[in-house]
Amino acid sequence: MPSSKPGRSTSKNRVANKRPTDPIDLLVHEQGLRIKDVYLDKSLDLLLLVLNNGQVVRSNISDHDRLRGASEPQLAKWELIAGGTGLSWPKLDEDLSLRGFIQAASVRNVIRSLAGPGPKV
């Protein structure tokens with residue numbers, strides 16, 4: 001039912017000014033974690049994100065379909081987007097988020113720790 005007062009919502013599900021509770025959202029939105037720089041090496045299949053807190057997040061170029069087929073000059077034409085919370089290759093039509101990089105790195109670390117000694121995953 002619409003509100004009788006213009007500009008007012010009667011929805012019971014609406015939450016205003018909700019703070020993020022997800023640990024990655026807290027890092028990015030509350031603590032201001034951002035991508036500071038990016039290093040790519042296609043021959044090593046390596047994409048490194050240097051973050052504004054000094055940490056490095058590693059990814060493989062081959063994990064990203066549009067980057068996998070790109071040349072070194074195309075890979076070098078990246079730009080930071082969304083205030084440093086994303087990475088874009090406009091000519092390749094590829095946008096990747098800091099959130100996605102952190103999630104993927106977290107999963108790799110957990111799998112590595114659960115696998116125990118032996119061949120690395």
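Which element gives the largest share of the lining of the largest pocket? Helix α4 does, with six residues. The model is predicted: local features need pLDDT of at least 70, side-chain atom pairs count only at pLDDT 80 or more, and totals for chains, interfaces and linings use all residues. Residues are numbered from 1 along each chain as its sequence is written, and side-chain values use heavy atoms, with hydrogens and water left out.

**Two sheets**

Helices (H or I, at least four residues) and strands (E, at least two) are DSSP runs, numbered from the N terminus. Two strands pair if DSSP finds at least two bridges between them. Axes are lines fitted to C-alpha atoms, for helices over the stretch in contact; angles run from 0 to 180 degrees between N-to-C directions.

| Strand order | Pairing | Average angle between neighbouring strands |
|---|---|---|
| β1-β2-β3 | antiparallel | 20° |
| β4-β5-β6 | antiparallel | 30°, direction ignored |

The β1-β2-β3 sheet is open. β1 (35–41) and β3 stand at its edges with a single partner strand each, so one side of each lacks a neighbour in the sheet. Six bridges join β1 to β2 (residues 46–51). V38 stands opposite L49 in β2.

The β4-β5-β6 sheet is open too. Its edges are β4 (79–81) and β6 (94–97); each has a single partner strand, so one side of each is left without a neighbour in the sheet. Four bridges link β5 (residues 86–89) to β6. W89 stands opposite E94 in β6.

**Helix α4**

**The largest pocket**

A pocket is an open set of points on a 1 Å grid over the protein atoms alone, where a 1.4 Å probe fits, with protein on both sides within 12 Å along at least five of seven lines; lining residues have an atom within 4 Å of a point. Grid points are joined across faces, edges and corners, and volume is the space filled by probe spheres set on the points.

The largest pocket has a volume of about 180 Å³. Its lining includes V56, R58, I102 and R112. β3 (56–59) and α4 are the elements that give two or more residues. By class, the lining has four nonpolar, two polar and three charged residues. Ala, Val, Leu, Ile, Met, Phe, Trp, Tyr, Cys and Pro count as nonpolar, Asp, Glu, Lys and Arg as charged, and the others, Gly among them, as polar.
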